[in-house]
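This briefing goes through one chain, then the contact between two chains, and then a single residue. Please keep the structure in view while reading.

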Amino acid sequence: MTIHNALLALQNSFFATAIREGDSLFPWIESFHVLAVVLVVGTISIIDMRLIGLPAHRKSVRRLMKDVLPLTWGAFAVALITGFLLFSSEALKYWALREFQAKMLLLVAAGVNMLFFHIVTFRNAHLWDELVETPPAAKLAGISSIFLWIGVVICGRVLGFVLAQQGFG
Amino acid sequence: MDRVIAWLSATKMSATIQNTVWVIPAIQCVHILAICVVMSSVLLRNLRLVGLIGGGEPADVFTRRYLPWVWSALVVLLLSGSLLIIGEPNRDLQNFAFWTKMSLLLSAIILTLILERPVLHSARFWEPRPRRLIARALALAALGCWVGIVLCGRWIAYLYQG
(Lines give C-alpha, C1' and ligand atoms only; values in the text may rest on other atoms or scores of the structure.)
Protein backbone atom coordinates (compact mmCIF):
# COMPACT_ATOMS: atom_id res chain seq x y z
CA MET A 1 0.00 0.00 0.00
CA THR A 2 1.44 3.36 -0.92
CA ILE A 3 1.49 6.27 1.49
CA HIS A 4 -1.14 7.98 -0.62
CA ASN A 5 -3.55 5.05 -0.29
CA ALA A 6 -2.92 4.74 3.43
CA LEU A 7 -3.64 8.43 3.98
CA LEU A 8 -6.75 8.18 1.84
CA ALA A 9 -7.97 5.17 3.84
CA LEU A 10 -7.28 7.10 7.04
CA GLN A 11 -9.26 10.15 6.03
CA ASN A 12 -12.12 7.96 4.80
CA SER A 13 -12.33 6.15 8.15
CA PHE A 14 -15.51 6.67 10.14
CA PHE A 15 -13.85 8.84 12.81
CA ALA A 16 -11.99 11.04 10.33
CA THR A 17 -15.24 11.58 8.42
CA ALA A 18 -17.10 12.41 11.63
CA ILE A 19 -14.43 14.97 12.61
CA ARG A 20 -14.37 16.53 9.14
CA GLU A 21 -18.12 16.75 8.75
CA GLY A 22 -19.21 17.46 12.34
CA ASP A 23 -19.81 21.02 13.45
CA SER A 24 -17.95 21.06 16.72
CA LEU A 25 -15.85 17.89 16.86
CA PHE A 26 -12.82 19.50 15.22
CA PRO A 27 -12.82 22.64 17.44
CA TRP A 28 -13.18 20.56 20.62
CA ILE A 29 -10.38 18.16 19.71
CA GLU A 30 -8.24 21.10 18.62
CA SER A 31 -8.85 22.94 21.91
CA PHE A 32 -7.63 19.95 23.91
CA HIS A 33 -4.71 19.54 21.51
CA VAL A 34 -3.64 23.13 22.21
CA LEU A 35 -4.08 22.60 25.97
CA ALA A 36 -1.98 19.42 25.87
CA VAL A 37 0.77 20.98 23.72
CA VAL A 38 0.91 24.01 26.02
CA LEU A 39 1.41 21.70 29.02
CA VAL A 40 4.04 19.59 27.24
CA VAL A 41 6.09 22.62 26.19
CA GLY A 42 5.64 24.43 29.50
CA THR A 43 6.58 21.51 31.75
CA ILE A 44 9.52 20.46 29.56
CA SER A 45 10.89 24.00 29.63
CA ILE A 46 10.96 23.88 33.45
CA ILE A 47 13.35 20.93 33.21
CA ASP A 48 15.25 22.54 30.31
CA MET A 49 15.84 25.70 32.33
CA ARG A 50 17.09 23.65 35.27
CA LEU A 51 19.50 21.90 32.86
CA ILE A 52 20.66 25.29 31.59
CA GLY A 53 21.39 26.31 35.16
CA LEU A 54 18.33 28.14 36.50
CA PRO A 55 17.03 26.81 39.82
CA ALA A 56 13.64 25.06 39.95
CA HIS A 57 11.65 23.98 43.00
CA ARG A 58 14.03 21.06 43.64
CA LYS A 59 17.77 21.14 43.79
CA SER A 60 18.11 17.59 42.50
CA VAL A 61 17.61 17.31 38.75
CA ARG A 62 16.54 13.68 39.10
CA ARG A 63 13.89 14.46 41.71
CA LEU A 64 12.68 17.44 39.68
CA MET A 65 12.22 15.10 36.72
CA LYS A 66 10.31 12.68 38.93
CA ASP A 67 7.89 15.50 39.83
CA VAL A 68 7.51 16.98 36.36
CA LEU A 69 7.99 14.26 33.72
CA PRO A 70 4.82 12.25 34.51
CA LEU A 71 2.85 15.46 33.80
CA THR A 72 4.78 15.98 30.56
CA TRP A 73 4.20 12.41 29.36
CA GLY A 74 0.52 12.51 30.29
CA ALA A 75 0.05 15.71 28.33
CA PHE A 76 2.13 14.31 25.47
CA ALA A 77 -0.15 11.26 25.20
CA VAL A 78 -3.18 13.57 24.92
CA ALA A 79 -1.39 15.77 22.37
CA LEU A 80 -0.46 12.73 20.29
CA ILE A 81 -3.96 11.23 20.25
CA THR A 82 -5.75 14.53 19.57
CA GLY A 83 -3.10 15.45 17.00
CA PHE A 84 -3.60 12.15 15.19
CA LEU A 85 -7.37 12.69 15.13
CA LEU A 86 -6.99 16.21 13.71
CA PHE A 87 -4.50 14.93 11.14
CA SER A 88 -6.83 12.08 10.11
CA SER A 89 -9.63 14.50 9.19
CA GLU A 90 -7.59 15.91 6.28
CA ALA A 91 -4.65 13.50 6.12
CA LEU A 92 -3.67 14.14 2.48
CA LYS A 93 -3.84 17.90 2.87
CA TYR A 94 -1.76 17.97 6.08
CA TRP A 95 0.79 15.51 4.70
CA ALA A 96 1.53 17.82 1.77
CA LEU A 97 1.83 21.00 3.85
CA ARG A 98 5.35 22.32 4.46
CA GLU A 99 4.35 23.60 7.90
CA PHE A 100 3.13 20.15 8.91
CA GLN A 101 6.31 18.48 7.64
CA ALA A 102 8.44 21.01 9.52
CA LYS A 103 6.46 20.44 12.72
CA MET A 104 6.96 16.66 12.50
CA LEU A 105 10.69 17.05 11.77
CA LEU A 106 11.10 19.34 14.78
CA LEU A 107 9.17 16.87 16.92
CA VAL A 108 11.46 14.02 15.84
CA ALA A 109 14.50 16.23 16.48
CA ALA A 110 13.21 17.03 19.99
CA GLY A 111 12.80 13.28 20.59
CA VAL A 112 16.33 12.50 19.38
CA ASN A 113 17.70 15.32 21.52
CA MET A 114 15.90 13.88 24.55
CA LEU A 115 17.09 10.31 23.86
CA PHE A 116 20.69 11.48 23.46
CA PHE A 117 20.42 13.35 26.74
CA HIS A 118 19.03 10.34 28.60
CA ILE A 119 21.44 7.79 27.13
CA VAL A 120 24.67 9.82 27.07
CA THR A 121 24.56 13.03 29.12
CA PHE A 122 22.39 11.75 31.94
CA ARG A 123 24.59 8.70 32.61
CA ASN A 124 26.84 10.63 34.97
CA ALA A 125 23.96 12.69 36.39
CA HIS A 126 24.88 11.61 39.94
CA LEU A 127 27.98 13.82 39.64
CA TRP A 128 26.06 17.06 38.98
CA ASP A 129 22.55 16.21 40.16
CA GLU A 130 22.55 18.76 42.98
CA LEU A 131 24.69 21.42 41.26
CA VAL A 132 22.98 24.50 39.87
CA GLU A 133 26.02 24.94 37.60
CA THR A 134 25.36 22.08 35.17
CA PRO A 135 27.89 20.59 32.69
CA PRO A 136 27.98 22.07 29.15
CA ALA A 137 26.38 18.94 27.62
CA ALA A 138 23.35 19.35 29.91
CA LYS A 139 23.11 23.07 29.10
CA LEU A 140 23.24 22.26 25.40
CA ALA A 141 20.47 19.66 25.77
CA GLY A 142 18.30 22.19 27.61
CA ILE A 143 18.84 25.00 25.11
CA SER A 144 18.22 22.77 22.07
CA SER A 145 15.09 21.35 23.65
CA ILE A 146 13.63 24.82 24.33
CA PHE A 147 14.31 26.01 20.78
CA LEU A 148 12.97 22.83 19.17
CA TRP A 149 9.73 23.02 21.15
CA ILE A 150 9.30 26.73 20.38
CA GLY A 151 9.65 25.68 16.74
CA VAL A 152 6.97 23.03 17.17
CA VAL A 153 4.57 25.62 18.63
CA ILE A 154 5.27 28.14 15.85
CA CYS A 155 4.79 25.54 13.10
CA GLY A 156 1.58 24.39 14.76
CA ARG A 157 0.12 27.90 14.90
CA VAL A 158 1.19 28.79 11.36
CA LEU A 159 -0.22 25.47 10.17
CA GLY A 160 -3.62 26.30 11.68
CA PHE A 161 -3.42 29.83 10.28
CA VAL A 162 -2.61 28.67 6.74
CA LEU A 163 -5.46 26.15 6.78
CA ALA A 164 -7.90 28.75 8.14
CA GLN A 165 -6.88 31.11 5.31
CA GLN A 166 -7.80 28.32 2.90
CA GLY A 167 -11.15 27.89 4.64
CA PHE A 168 -10.28 24.73 6.59
CA GLY A 169 -10.04 24.06 10.31
CA MET B 1 -19.47 48.30 22.13
CA ASP B 2 -20.13 48.90 18.44
CA ARG B 3 -18.59 52.36 18.81
CA VAL B 4 -15.50 50.94 20.51
CA ILE B 5 -15.13 48.43 17.69
CA ALA B 6 -15.60 51.09 15.02
CA TRP B 7 -13.07 53.38 16.69
CA LEU B 8 -10.48 50.61 17.17
CA SER B 9 -10.91 49.39 13.60
CA ALA B 10 -10.27 52.90 12.31
CA THR B 11 -6.96 53.31 14.16
CA LYS B 12 -3.74 53.22 12.17
CA MET B 13 -2.39 50.45 14.37
CA SER B 14 -5.35 48.22 13.59
CA ALA B 15 -4.79 48.72 9.86
CA THR B 16 -1.09 47.85 10.21
CA ILE B 17 -1.81 44.65 12.15
CA GLN B 18 -4.50 43.58 9.70
CA ASN B 19 -2.67 44.39 6.50
CA THR B 20 0.59 42.61 7.22
CA VAL B 21 -0.14 38.91 6.78
CA TRP B 22 2.38 37.48 9.24
CA VAL B 23 1.72 39.90 12.14
CA ILE B 24 -1.31 38.14 13.59
CA PRO B 25 0.13 34.59 13.58
CA ALA B 26 3.40 36.00 14.96
CA ILE B 27 1.60 37.68 17.88
CA GLN B 28 -0.44 34.50 18.40
CA CYS B 29 2.81 32.49 18.68
CA VAL B 30 4.13 34.83 21.38
CA HIS B 31 0.72 34.61 23.10
CA ILE B 32 0.74 30.78 23.07
CA LEU B 33 4.35 30.54 24.29
CA ALA B 34 3.49 32.84 27.22
CA ILE B 35 0.52 30.59 27.99
CA CYS B 36 2.95 27.63 28.15
CA VAL B 37 4.82 29.48 30.91
CA VAL B 38 1.68 30.39 32.86
CA MET B 39 0.05 26.96 32.58
CA SER B 40 3.08 24.93 33.62
CA SER B 41 3.96 27.26 36.51
CA VAL B 42 0.39 27.31 37.77
CA LEU B 43 0.07 23.54 37.32
CA LEU B 44 3.15 22.74 39.41
CA ARG B 45 2.38 25.26 42.15
CA ASN B 46 -1.27 24.22 42.42
CA LEU B 47 -0.58 20.48 42.32
CA ARG B 48 1.78 21.07 45.24
CA LEU B 49 -1.06 22.79 47.13
CA VAL B 50 -3.37 19.90 46.26
CA GLY B 51 -0.68 17.57 47.59
CA LEU B 52 -0.05 15.53 44.44
CA ILE B 53 3.61 16.44 43.85
CA GLY B 54 6.66 17.79 45.62
CA GLY B 55 6.22 16.06 48.96
CA GLY B 56 8.99 17.05 51.36
CA GLU B 57 9.50 20.39 49.66
CA PRO B 58 7.67 23.26 51.46
CA ALA B 59 4.77 24.78 49.50
CA ASP B 60 6.14 28.32 49.74
CA VAL B 61 9.21 27.24 47.71
CA PHE B 62 6.84 26.51 44.82
CA THR B 63 5.02 29.80 45.23
CA ARG B 64 8.22 31.83 45.34
CA ARG B 65 9.76 29.94 42.42
CA TYR B 66 6.85 29.86 40.00
CA LEU B 67 4.50 32.79 40.69
CA PRO B 68 6.92 35.50 39.46
CA TRP B 69 6.92 33.61 36.14
CA VAL B 70 3.12 33.65 36.11
CA TRP B 71 2.91 37.40 36.69
CA SER B 72 5.53 38.33 34.10
CA ALA B 73 4.09 35.97 31.48
CA LEU B 74 0.66 37.49 32.22
CA VAL B 75 2.02 40.91 31.27
CA VAL B 76 3.20 39.45 27.94
CA LEU B 77 -0.24 37.86 27.51
CA LEU B 78 -2.09 41.10 28.19
CA LEU B 79 0.13 43.03 25.76
CA SER B 80 -0.02 40.44 22.94
CA GLY B 81 -3.73 39.91 23.60
CA SER B 82 -4.38 43.66 23.38
CA LEU B 83 -2.59 43.80 20.03
CA LEU B 84 -4.78 40.96 18.75
CA ILE B 85 -7.91 42.85 19.88
CA ILE B 86 -6.73 46.07 18.22
CA GLY B 87 -6.00 44.12 15.04
CA GLU B 88 -9.39 42.43 14.83
CA PRO B 89 -11.75 44.11 17.34
CA ASN B 90 -14.95 42.51 16.14
CA ARG B 91 -13.39 39.05 16.29
CA ASP B 92 -13.10 39.36 20.08
CA LEU B 93 -15.36 42.05 21.49
CA GLN B 94 -18.60 40.55 20.20
CA ASN B 95 -17.60 37.01 20.95
CA PHE B 96 -19.11 34.85 23.70
CA ALA B 97 -15.92 32.77 23.99
CA PHE B 98 -13.85 35.94 24.47
CA TRP B 99 -15.97 37.28 27.33
CA THR B 100 -16.11 33.85 28.97
CA LYS B 101 -12.33 33.77 28.71
CA MET B 102 -12.04 37.22 30.33
CA SER B 103 -14.37 36.24 33.20
CA LEU B 104 -12.36 33.08 33.81
CA LEU B 105 -9.14 35.11 33.67
CA LEU B 106 -10.44 37.51 36.31
CA SER B 107 -11.46 34.57 38.53
CA ALA B 108 -8.09 32.86 38.03
CA ILE B 109 -6.21 36.02 38.97
CA ILE B 110 -8.31 36.55 42.10
CA LEU B 111 -7.87 32.90 43.17
CA THR B 112 -4.12 33.12 42.56
CA LEU B 113 -3.84 36.29 44.66
CA ILE B 114 -5.87 34.73 47.50
CA LEU B 115 -3.54 31.71 47.50
CA GLU B 116 -0.33 33.71 47.07
CA ARG B 117 -0.64 36.63 49.52
CA PRO B 118 -0.67 34.81 52.88
CA VAL B 119 2.26 32.56 51.88
CA LEU B 120 4.51 35.55 51.29
CA HIS B 121 3.95 36.64 54.90
CA SER B 122 3.98 33.27 56.62
CA ALA B 123 5.34 30.33 54.63
CA ARG B 124 3.21 27.64 56.28
CA PHE B 125 -0.08 29.56 56.23
CA TRP B 126 -2.00 26.90 54.24
CA GLU B 127 -0.67 23.91 56.19
CA PRO B 128 -2.95 23.53 59.25
CA ARG B 129 -5.76 21.11 58.47
CA PRO B 130 -8.89 23.23 57.85
CA ARG B 131 -6.91 25.72 55.79
CA ARG B 132 -5.21 22.96 53.82
CA LEU B 133 -8.61 21.80 52.55
CA ILE B 134 -9.56 25.34 51.55
CA ALA B 135 -6.25 25.74 49.72
CA ARG B 136 -6.82 22.43 47.95
CA ALA B 137 -10.28 23.48 46.76
CA LEU B 138 -9.09 26.93 45.64
CA ALA B 139 -6.09 25.44 43.83
CA LEU B 140 -8.31 23.00 41.92
CA ALA B 141 -10.80 25.76 41.08
CA ALA B 142 -7.97 27.96 39.79
CA LEU B 143 -6.61 25.12 37.63
CA GLY B 144 -10.11 24.65 36.22
CA CYS B 145 -10.26 28.35 35.34
CA TRP B 146 -6.89 28.21 33.56
CA VAL B 147 -7.93 25.14 31.55
CA GLY B 148 -11.14 26.94 30.60
CA ILE B 149 -9.13 29.99 29.53
CA VAL B 150 -7.06 27.93 27.08
CA LEU B 151 -10.12 26.14 25.66
CA CYS B 152 -12.04 29.44 25.26
CA GLY B 153 -8.99 30.95 23.58
CA ARG B 154 -9.20 28.40 20.78
CA TRP B 155 -12.99 28.69 20.58
CA ILE B 156 -12.79 32.45 19.89
CA ALA B 157 -11.75 31.48 16.35
CA TYR B 158 -14.85 29.32 15.89
CA LEU B 159 -17.52 31.54 17.46
CA TYR B 160 -16.36 34.49 15.37
CA GLN B 161 -18.81 35.09 12.54
CA GLY B 162 -16.44 37.03 10.29
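Of the 169 residues that make up chain A in this predicted model, 38% count as buried. The C-alpha trace of chain A spans about 55 × 30 × 25 Å along its principal axes.

- Chain A contains 8 helices and 0 strands, and from the N terminus on its elements run α-α-α-α-α-α-α-α.

**Where chain B touches chain A**
- The contact between the chains takes 24 residues from chain B and 23 residues from chain A.
- On the side of chain B that touches chain A, helix 3 (23-50), helix 4 (59-87) and helix 7 (129-159) of chain B each supply at least two residues, and helix 3 of chain B gives the most, with 12 residues.

**One residue: Met102(B)**
- Met102(B) has its place in helix 6 of chain B, which covers residues 96-121.
- Why is Met102(B) partly exposed? Met102(B) counts as partly exposed because 14 other C-beta atoms lie within 10 Å, whereas a buried residue needs 20 or more and an exposed one has 12 or fewer.
- Met102(B) and Lys12(B) are 90 residues apart along the chain, and their C-alpha atoms are separated by 26 Å.

How values were computed: Residues are numbered from 1 along each chain as its sequence is written. Chains are lettered from A and ligands numbered from 1 in the order in which they are written. This is a predicted model: local features need pLDDT of at least 70, side-chain atom pairs count only at pLDDT 80 or more; totals for chains, interfaces and linings use all residues. Helices (H or I, at least four residues) and strands (E, at least two) are DSSP runs, numbered from the N terminus. Two residues are in contact if their C-beta atoms, placed from the backbone, lie within 7 Å.
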